[in-house]
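The sequence and model come first, followed by the notes.

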There are 4 protein chains.
Amino acid sequence: MNDPEPIDPGFEARVRASFAKQGLMGTLGASIARVSPGEVDIVLPTSPAVLQQHGFVHAGAVASIADSAAGYAALTLMPPGAGVLTAEFKINLLAPSMGDRILARGRVVKAGRTLTLAQTDVVAERDGQEKLVALLTATLMTMEGRAGVGD
Amino acid sequence: MNDPEPIDPGFEARVRASFAKQGLMGTLGASIARVSPGEVDIVLPTSPAVLQQHGFVHAGAVASIADSAAGYAALTLMPPGAGVLTAEFKINLLAPSMGDRILARGRVVKAGRTLTLAQTDVVAERDGQEKLVALLTATLMTMEGRAGVGD
Amino acid sequence: MNDPEPIDPGFEARVRASFAKQGLMGTLGASIARVSPGEVDIVLPTSPAVLQQHGFVHAGAVASIADSAAGYAALTLMPPGAGVLTAEFKINLLAPSMGDRILARGRVVKAGRTLTLAQTDVVAERDGQEKLVALLTATLMTMEGRAGVGD
Amino acid sequence: MNDPEPIDPGFEARVRASFAKQGLMGTLGASIARVSPGEVDIVLPTSPAVLQQHGFVHAGAVASIADSAAGYAALTLMPPGAGVLTAEFKINLLAPSMGDRILARGRVVKAGRTLTLAQTDVVAERDGQEKLVALLTATLMTMEGRAGVGD
């Protein structure tokens, strides 16, 4: 999308406040690196707590931050009061995730009234070099007027 | 698959030992509930540490145990010494994951020499009732002769 | 789903009438083999018109009948006047599709108000033997009150 | 991928010759619009033969050309004599496919020895305007030394 226009001028504060409520992100040690209209980056430092049996970052941890990046990219373009839920996602793991940290860059491909398609590139960083390790596409739902499902 | 025959008679001990090395599973609080040829169940008690912003289990946590269940179901049928890696997966989230715990039931759909397809049903349990909350399909790769990638 | 109840008693005639309007199914030579609540089977005889370069049925042809089977399985449970559209699908090709004909068996996994998840097994038949060649999962949207989008 | 280097200098002739053998592409009326290293475009004029019940291009027809574009993009980077097979793909349908013709632009995201990830954007063209209607990601397998599976 070229220069999408957020409906909610408070989109960044809203994304950051919602992210802070995601217990899983704190458990993994992930944080928000960047928020802009239609785009959100999430970073995860590599630690034993997020690995699988061979010492790579677990596909589930990669998917977790990639899904949150996609979802929050979608939320930046939703109207105030609407909540975002993931309907489905698919992730291709292209290379073992190793290095100092992994970075998930989510961006909206198409924002619709009910469904939004977003895509996340995940790169592993080692010694300042980036390597593409995963690609996720997600369908996000806009939830409106549902009790308890805001942001 | 009907009654698949494991090549490795020590498949159960092997799956349990590999699972114990997955730092992420310990971080989330997940454990193995069942191992049989071509099938592995993983259980995750619900706690604030694995939730998203609305109080549901985060799609990434659901995907993490569903991916591990699929991967270990595949591993039960692999030859001794081979390692398993996820090439890709897709997950559909059917309902918010709430309740006392969620249970991921992975099973092999087709085991091939290089690629295995497995599918995981995830149910949420509340007061002894089960509800289907997610369906994952995964492509797993058999890795042989690669240093550091066993089990 | 266990014994889903169709809201529209005329579901079978409705599916068959809609299928007859799908130009692509006629072009491929596909036909409906069975319609029941939440389940639709579509059959495609093998012919050079649907093959790829190695003489197997093209993944796109496999996907076409698998998608239609999933979509019409979903339509059997939709209210009269509603139309069905595919939001997304994923297909795993498990073996080359060869033989006399291929058969796609679609069934609803979960019918929701807006989104329905359906799954299709595709088997190739040769000399009366069946072989599983593909597995598709699809998200279908219920379209209501949209001009031109009925059934 | 930035400027991928084809191993086979005859990649374009090879792709065109293989495409000519795909019976399905002829049946649908699709043709190759462009071949370059790591990228292949396929075009499909809109006709009743490829529609679904509402008059849109059938998701299966959209997927068919998107899958072929992804597969042939992958083939441009494969060694001489290797064949390409689709292991799996996922497609998101973003808008009804209408207009004069649809165009599938496939490109390689990452070429591996065994598995290649490719992505295809599909646009519908009407009166010279393009609209994004679908996004496909596919995993392609390189087949070597298998009788009958070349190109």
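## Chains A and B

In this predicted model, 42 residues of chain B are in contact with 42 residues of chain A. Together the two chains bury about 3000 Å², and carbon and sulfur atoms account for 58% of that area. Between chain B and chain A there are zero salt bridges.

Chain B is superposed on chain A by a rotation of 180° with 0.0 Å of shift along the axis, at an RMSD of 0.0 Å. The residue of chain B that comes closest to this axis is B:Lys90, with its C-alpha at 2.0 Å. Both copies use the same surface, as 100% of the contact residues of chain B recur in chain A.

## Chains A and D

The contact between chain D and chain A involves 13 residues of chain D and 13 residues of chain A. The area buried between them is about 1100 Å², with 60% of it on carbon and sulfur atoms. Two salt bridges are counted between chain D and chain A. One salt bridge between these chains pairs the side chains of A:Glu88 and D:Lys90, at 2.8 Å from N to O.

A rotation of 180° also superposes chain D on chain A, with 0.0 Å of shift along its axis and an RMSD of 0.0 Å. The two copies are therefore related as by a two-fold rotation axis. In chain D, the C-alpha nearest the axis belongs to D:Lys90, 3.9 Å away. The same surface serves both copies here, since 100% of the contact residues of chain D recur in chain A.

An unreviewed UniProt entry places the feature "domain: Thioesterase" at residues 54–129 of chain A. This span is 22% helix and 46% strand, and its end C-alpha atoms lie 22 Å apart.

Helix H3 of chain C (residues 59–75) has 17 residues and reaches 24 Å from its first C-alpha to its last, close to the 24 Å expected at 1.5 Å a residue. All of this helix is covered: 17 of the 17 residues of H3(C) are buried, so the helix is largely enclosed by the rest of the structure. In chain D, helix H3 (residues 59–75) has end C-alpha atoms 24 Å apart, which agrees with the 24 Å that its 17 residues should span at 1.5 Å a residue. H3(D) is likewise mostly covered, with 17 of its 17 residues buried.

## Salt bridges within chains

Over all chains the structure holds 36 salt bridges. Side chains of opposite charge can pair when their charged atoms come close. In chain B, B:Glu39 forms a salt bridge with B:Arg34, with the closest N and O atoms 2.6 Å apart. B:Glu39 is partly exposed at a relative accessible area of 30%, and B:Arg34 is partly exposed at 35%.

In chain C, the side chains of C:Arg16 and C:Glu12 meet in a salt bridge at 3.0 Å, N to O. These two residues are four residues apart in helix H1 (residues 11–20) of chain C, so about one helical turn separates C:Arg16 from C:Glu12. C:Arg16 counts as partly exposed at 36% relative accessibility, as does C:Glu12 with a relative accessible area of 32%.

D:Asp41 is buried, at a relative accessible area of 7%, whereas D:Arg34 is partly exposed at 34%. In chain A, salt bridges that share partners join A:Asp8, A:Arg14 and A:Asp151 into one network.

Note on methods:
Residues numbered from 1 in each chain as written. Chains lettered and ligands numbered in written order. Predicted model: local features only at pLDDT ≥ 70, side-chain atom pairs only at ≥ 80, totals over all residues. Heavy atoms only, no water. Least-squares fit on C-alpha atoms with pLDDT ≥ 70 in both. Contact = heavy atoms within 4.5 Å. UniProt positions renumbered as here; feature names shortened; annotations may be inferred. Expected span 1.5 Å × (residues − 1). Buried < 20%, exposed > 50% of the residue type's maximum accessible area, 1.4 Å probe, protein only. Buried area = accessible area lost by both parts, 1.4 Å probe. Salt bridge = Lys/Arg side-chain N within 4 Å of Asp/Glu carboxyl O.
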